[in-house]
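Q: Hi! Could you walk me through this one while I have it open on screen?

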Amino acid sequence: MMKRRDFGQRSLGLSAGLAIGSVQPGGWLQALASELQEQAGTSSDSERVLVVIQLSGGNDGLNTVIPYGDENYAKARPKLAIPSSQVIKHTDLLGFHPSLKSLETSWSANRFSIVQGVGYAKPNRSHFESMDIWHTCHAKEDRTQTGWIGRWVSGESDSDPSDSAAIHLGSEPLPLACQQRGVQVPSLVSLEQMRLKSKLQMGQAAQVASGSLLDFVSTSTVAALQVSERLEKILAQPDTSGDFPKTLLGEKLRAISRLILAGVKTRVYYVTLDGFDTHANQPDIHATLLRQWSEALAAFLSRLERSGHQDRVLVMTFSEFGRRVAENASQGTDHGAAAPIFLAGPKLGKLVRGLHPELEDLDDGDLRFGIDFRAVYAAVLDGWLKADSRKALDSDFRSAGSDLGLFT
Amino acid sequence: MLKATIRATLRPDQDLSAIDPQMAWSAWEPTSEEPWDARRVRHLMRRGGFGAKSSEVKQLVDAGPAKAIDALMGKQSVQALEAFEQDSAQILSALRSGGNVESIAAWWLHRMLHSPSPLVEKMTLFWHGHFATGADKVNDTELMVQQNRMLREHALGDYSSLVQAVSKDPAMLLYLDSATNRKTHPNENYARELMELFCLGEGNYTEQDVQQLARCFTGWEIKRKTFRFNPYQHDSGFKKLFETEGIESGEQAVGAVLAHRSMPTFIAGKLVRFFVCDEPAPEADFLLPLAVAFQKGDFAIEPLVRTILSSKLLLSDWSRGKKVRSPVEFVVESMRNLQMTTNLDRLAKGLDGVGQALFNPPNVKGWDGGRAWINSSTLIGRSNLIVDLLREPATRFARGPLDAWLKSEQVSSDRQWLDWLETSLLSIPLSDSDKEQLQSSVAKSDVGFDPWRKMLVALSQNPKFHLS
């Protein structure tokens with residue numbers, strides 16, 4: 001039997017308070033609203049939220065976190081090296097791409113951290129295979145059709161039935177990372193797109209679980225209707241999300257902030273930013289994409305801070321691989337291996353974790369990984385979401401995860 | 001032991017792994033339980049084309065399965081083809097300065113809706129997803145149309161010529177950043193995707209093969225929108241691809257990739273998924289009869305597709321409901337069956353909102369298809385798209401109002417209408433409770449439509465509407 005999820009019941013008090021407060025500023029209503037916001041801001045484990053940003057195509061980690069002090073960097077990239085005069089310097093060796101400027105406030109408040117040299121053994125340089133490895137945490141030989149977030153959802157969904165445990169926002173198909181065996185994780189192009197133009201009584205799903213295509217479409221239909229009804233109520237409230245860049249990622253993070261502020265109980269949000277496959281004309285494209293990422297992220301973090309949610313939302317940004325150390329002839333770079341992961345939101349301590357991969361000791365032209373990506377996932381699952389990472393990852397990376405010292 | 005589980009007939013619930021491949025790919029023949037009737041004609045027209053109007057279905061029941069497949073290829077309608085090509089060319093030439101993406105998508109939708117050889121359009125759509133190229137990045141609609149015509153020209157031709165043409169196609173090489181290939185730093189992008197996505201599948205080549213193949217393509221350039229070979233930039237050094245030494249040119253290298261033993265199975269597998277069933281992915285053994293015939297026939301595509309379309313596996317009841325309709329399929333089929341015409345620019349935009357923008361596949365891997373078509377947004381979007389289509393003032397039925405068309409189809413009650421829609425649009429029949437629920441939905445509906453349109457909208461929210 002499929003469980004009927006009762007969207008829209010919980011957290012209505014909180015939402016109503018916020019709605020009235022923003023319509024009529026000042027007075028006791030506003031005081032009540034901000035008090036409610038503060039309560040929301042006190043972080044209990046069950047309220048912690050994870051936002052995953054996937055940079056699709058393979059982000060050039062070497063031109064994002066830049067070893068400008070290493071002479072081999074400029075040697076490998078005569079045309080593409082970011083001149084040290086433009087690098088935002090962190091140490092004598094390391095600095096950041098100038099497009100990351102809007103995140104400076106986050107890292108100076110210790111709310112930003114970079115894990116260096118993340119990857120996995122025997123790197124696969126196909127976008128799709130490598131992405132599948134990051135999503136399923138399995139090598140091709142023992143591939144599953146469930147992802148790490150999906151498996152986390154399967155273990156989690158009974159504890160709070162009011163909202164879906166995870167939501168994917170974007171026009172691409174549901175990422176494999178979010179796939180699970182039960183009811184599909186909702187995938188929304190936008191909040192507004194979920195308004196049904198003709199409210200009919202949608203078919204009640206056949207209550208059998210044979211795993212057939214028909215069952216799948218039936219349960220997805222019921223879930224779609226429920227999400228649509230729930231969002232209809234949220235959209236009826238005024239939008240207080242404020243200024244976000246008018247980019248695809250900006251719009252997605254604005255929508256997520258709206259859901260978080262409305263008291264939606266979803267714990268994990270998944271979004272992507274595409275275009276990082278910079279085989280040609282990399283400098284402009286990469287600078288623009290990094291700016292889109294950093295500006296949208298900065299707006300999101302600042303919106304959370306203004307409403308007191310900054311300690312309960314963690315944003316993790318990754319890409320399926322970095323790029324080759326040597327540039328190609330088209331002012332671009334080909335598929336590579338290890339790259340940094342970025343974490344932002346709550347107090348995170350050190351800005352840089354792990355060592356920058358050696359530029360002289362390469363694996364077939366690519367950076368070697370120092371930290372397995374599953375260790376970072378484990379740290380996030382165990383330390384942040386307070387889940388059991390072994391179930392979600394299908395392997396035990398607990399101690400490697402806690403060694404990162406991210407959430408102490 | 002195993003043979004004992006393999007049966008001569010196909011039961012609808014039989015596991016693919018328990019089906020004998022020789023039997024599955026042999027030609028379907030009518031029996032008393034499974035006659036060649038309107039229902040089966042509609043199934044073939046759905047899978048091999050984009051549906052059919054009632055009068056076509058009647059003709060094809062009389063004609064038999066082989067002639068029906070000929071009809072999908074437009075083999076008996078030379079005059080209709082000529083007239084249609086003139087219409088299509090006129091639409092294209094009317095686009096100012098090459099048009100925008102929506103207008104060229106509208107041009108293609110017109111072809112899918114009206115072509116007398118729908119299988120050619122369906123195969124063009126298949127190759128568009130296979131050799132996925134995105135207009136947003138190529139940023140030149142003329143080149144996208146040029147590629148689309150090239151795919152159509154080779155759609156049922158031979159695979160070697162198709163891949164050689166794709167390898168020099170300006171839109172493809174711009175999309176994969178491979179418009180310049182210098183010998184000093186070969187660009188690996190096209191080389192990798194040629195093996196991974198177009199011919200062999202991941203795991204059938206090494207990283208070294210990628211690098212060697214990239215060297216073969218050095219000197220290949222796109223200049224002023226056309227392909228040219230620049231000998232000064234070609235790396236003429238020694239190259240070794242797979243186990244073959246002494247490969248020199250890019251053309252030879254493409255030939256070596258095509259000759260790889262895993263190519264025929266890879267292509268057969270993708271076609272089976274496109275035409276027959278979304279899941280499970282068939283084992284190589286199951287595809288072997290197709291792969292062997294494909295190889296023996298010098299990679300001719302038409303016989304392979306014909307074998308699949310006329311097979312027991314596809315034409316028996318086994319394959320019913322085993323595919324999720326793509327957005328293009330569910331819209332174009334509905335429109336062809338209901339003889340609808342509408343504002344195609346707006347329709348093209350609408351398809352973008354439900355996950356299949358023509359000329360803009362999500363990435364070089366194309367659309368994943370199957371379950372990936374379905375999620376909360378696309379389900380809401382599909383229903384909204386039907387509402388928009390019915391609300392659109394330009395929408396007509398056989399060039400007239402809905403009432404007149406219903407009369408011509410002899411539909412005069414809501415029950416008849418529901419039966420008509422079920423027969424025409426659904427692969428899996430509705431249950432009694434489905435029908436009750438649809439009728440009560442129509443009674444309670446708040447959308448400002450007549451009961452006929454309300455019924456179509458209600459059906460668009462029934463899960464069976466999304467299966468083929």
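## A chat about the two chains

Q: Thanks! What kind of model is this, and how does it score?
A: This is a predicted model. Its scores are ipTM 0.93 and pTM 0.84.

Q: What is the mean pLDDT of chain B?
A: For chain B the mean pLDDT is 94, with 98% of its residues at 70 or more. The pLDDT stays under 50 over residues 1-7 of chain B, and the model has 4 contacts for them beyond four places in sequence.

Q: And what does chain A average?
A: Chain A averages a pLDDT of 86, and 85% of its residues score at least 70. Over residues 1-43 of chain A the pLDDT is below 50. That stretch has 62 contacts in the model beyond near neighbours in sequence.

Q: OK, on to the interface. How many residues does each chain bring to the contact?
A: Chain B brings 50 residues and chain A brings 43 residues.

Q: Which elements of chain B give two or more residues to the side that touches chain A?
A: Those are α12 (189-199), α21 (376-391), α24 (432-444) and α25 (451-460) of chain B. The largest share, 8 residues, comes from α21(B).

Q: How do the residues on that side of chain B divide?
A: The side of chain B that touches chain A has 13 nonpolar, 22 polar and 15 charged residues.

Q: Let me zoom in on α21(B). At what angle do α7(A) and α21(B) cross?
A: Helix α7 (residues 213-236) of chain A and α21(B) cross at roughly 85°, and their axes come within 8 Å. That makes α7(A) roughly perpendicular to α21(B).

Q: Which residues make that contact?
A: From α7(A) you have A:Ser220, A:Thr221, A:Ala223, A:Ala224, A:Val227 and A:Ser228, and from α21(B) there are B:Ser376, B:Leu379 and B:Ile380. The residues of this contact divide into 5 nonpolar, 4 polar and no charged.

Q: Nice. Staying with helices, how do α8(A) and α9(A) pack?
A: Helix α8 (residues 248-261) of chain A packs on helix α9 (residues 282-306) of chain A at an angle of about 20°, with the axes 9 Å apart. α8(A) and α9(A) are therefore roughly parallel to each other. The crossing of α8(A) past α9(A) is right-handed.

Q: Who is in that contact?
A: On α8(A), look for A:Leu249, A:Gly250, A:Leu253 and A:Ser257. On α9(A), look for A:Gln292, A:Trp293, A:Ala296, A:Ala299, A:Phe300, A:Arg303 and A:Leu304. The residues of this contact divide into 7 nonpolar, 3 polar and 1 charged.

Q: Over to chain B. Why are α15(B) and α17(B) oblique to each other?
A: The axes of helix α15 (residues 263-275) of chain B and helix α17 (residues 301-309) of chain B cross at roughly 45°, and they come within 11 Å. α15(B) and α17(B) therefore count as oblique to each other. Their crossing is right-handed.

Q: Which residues meet there?
A: B:Ala268, B:Leu271, B:Val272 and B:Phe275 of α15(B) meet B:Leu304, B:Val305, B:Ile308 and B:Leu309 of α17(B). The residues of the contact of α15(B) with α17(B) divide into 8 nonpolar, no polar and no charged.

Q: Where does B:Pro280 lie?
A: B:Pro280 lies in the loop between α15 and α16 (284-296) of chain B. The peptide bond from B:Glu279 to B:Pro280 is cis, with omega near -10°.

Q: Now strands. Do β1(B) and β2(B) run parallel or antiparallel?
A: Strand β1 (residues 220-223) of chain B and strand β2 (residues 226-229) of chain B run antiparallel, joined by 4 bridges. B:Ile222 has B:Phe227 in β2(B) as its bridge partner. The two strands form a hairpin with 2 residues between them, and B:Arg224 in the turn has a positive phi of about 45°.

Q: Last topic: what is the strand order in the open sheet of chain A?
A: The order of its 3 strands is β2-β4-β3 (chain A), with antiparallel pairing. β2 (65-66) and β3 (88-89) of chain A are the edge strands, each pairing on one side only. Between β3(A) and strand β4 (residues 95-96) of chain A there are 2 bridges, and A:Lys89 stands opposite A:Gly95 in β4(A).

Notes: Residues are numbered from 1 along each chain as its sequence is written. Chains are lettered from A and ligands numbered from 1 in the order in which they are written. This is a predicted model: local features need pLDDT of at least 70, side-chain atom pairs count only at pLDDT 80 or more; totals for chains, interfaces and linings use all residues. Two residues are in contact if their C-beta atoms, placed from the backbone, lie within 7 Å. Ala, Val, Leu, Ile, Met, Phe, Trp, Tyr, Cys and Pro count as nonpolar, Asp, Glu, Lys and Arg as charged, and the others, Gly among them, as polar. Two strands pair if DSSP finds at least two bridges between them. Axes are lines fitted to C-alpha atoms, for helices over the stretch in contact, and angles run from 0 to 180 degrees between N-to-C directions. Angles under 35 degrees count as roughly parallel, over 145 as roughly antiparallel, 65 to 115 as roughly perpendicular and the rest as oblique. A crossing is left-handed if the near helix is turned anticlockwise from the far one by less than a right angle, and right-handed if clockwise. pLDDT is the predictor's confidence in each residue, from 0 to 100.
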